[in-house]
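Work through the exercises below with the sequence and the model open. Each task is followed by a worked solution.

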Amino acid sequence: MGPSGCGKTTFLKIVGGLIPASSGTIQINGRNVVEPHPDFGIAFQQANLMPWRTILNNVLFPMEILRRSGTAAACRARELLALVGLEGFEQYYPSQLSGGMQQRVALCRALIHKPKLLLMDEPFGALDELTRMEMQDLLLGIRAKTGATVMFVTHSISEAVYISDVVVVFSKRPAVIADFIPIDLPYPRSAEIRYSPEFTELEHRAGRALGITR
Ligand SMILES: Nc1ncnc2c1ncn2[C@@H]1O[C@H](COP(=O)(O)OP(=O)(O)OP(=O)(O)O)[C@@H](O)[C@H]1O
Ligand SMILES: [Mg+2]
């Protein structure tokens, strides 16, 4: 988390190897990141689906790039779509789906090649509150199942606390780390936890780091 313009997207892009750092290096498992890696999956605020491709073929796109499309890939794409509640929409086109549904397709596309690191930039920002909470549970479920590491940018304090092992708060530009907040809430997380005193205390701490509360 961090104020608008502090460099969250920039940081995520550098971690993903999409842009170079002006100074310093990013290391993942002891290796410098210099370009996008097949073990990475990326999902941004806009679903960015290709309008001329069906839902199924949008999800399969990364596999084509990796030259791994085939029956097994198509099978996995169908499984993922079913997991996010989009069974039966495989042959639809993006314009025939709602914004929330498109975002779920984008999540499937980010997961199709089983990334070990998932980079997400406000992926649920455009969704209504209810869909957003469903997506958070979905993401936690997928993470539990796949063991992937997720780096997630959000402007929502409650979203950050609910889905995270640790919340890192950036200060205003030039950003430094304002706070590093371990979230010791138990898993599996469920909606009730949002109303617990521990949850509120963690939200409060993040709010303080962001300069919203004292
Ligand atoms: N550490 C930095 N040094 C120099 N320029 C930076 C730095 N961080 C961000 N910028 C520049 O600031 C601008 C905004 O950065 P960025 O898009 O990463 O912000 P953000 O935190 O994602 O904001 P938002 O919450 O609005 O999405 C960009 O033009 C970026 O190049
Ligand atoms: Mg941004």
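The exercises cover fold, overall dimensions, one hairpin and the ligand shell.

The model is predicted: local features need pLDDT of at least 70, side-chain atom pairs count only at pLDDT 80 or more, and totals for chains, interfaces and linings use all residues. Residues are numbered from 1 along each chain as its sequence is written, while chains are lettered from A and ligands numbered from 1 in the order in which they are written.

**Exercise 1.** State how many helices and strands the chain has, and their order.

Step 1. Take helices (H or I, at least four residues) and strands (E, at least two) as DSSP runs, numbered from the N terminus. Step 2. The count is seven helices and seven strands. Step 3. From the N terminus, the order reads α-β-β-β-α-α-α-β-α-β-α-β-β-α.

**Exercise 2.** Compare the radius of gyration with that of a compact globule.

Step 1. Step 2. For 214 residues the rule gives a value near 17 Å; the chain has 18 Å, so the two agree. Step 3. The C-alpha atoms fill a box of roughly 55 × 45 × 30 Å along the principal axes.

**Exercise 3.** Describe how β6 and β7 are arranged.

Step 1. Strands pair if DSSP finds at least two bridges between them. Step 2. β6 (residues 166-170) and β7 (residues 177-182) share five bridges in the antiparallel sense. Step 3. One of the bridges joins V167 to I181 of β7. Step 4. Six residues separate the two strands of this hairpin.

**Exercise 4.** List residues around ligand 1.

Step 1. Require a C-beta atom, placed from the backbone, within 6 Å of the ligand. Step 2. The shell consists of G2, S4, G5, C6, G7, K8, T9, T10, R173, P174 and A175.

How values were computed:
The radius of gyration is taken over C-alpha atoms; the globule rule is 2.2 Å times the number of residues to the power 0.38.
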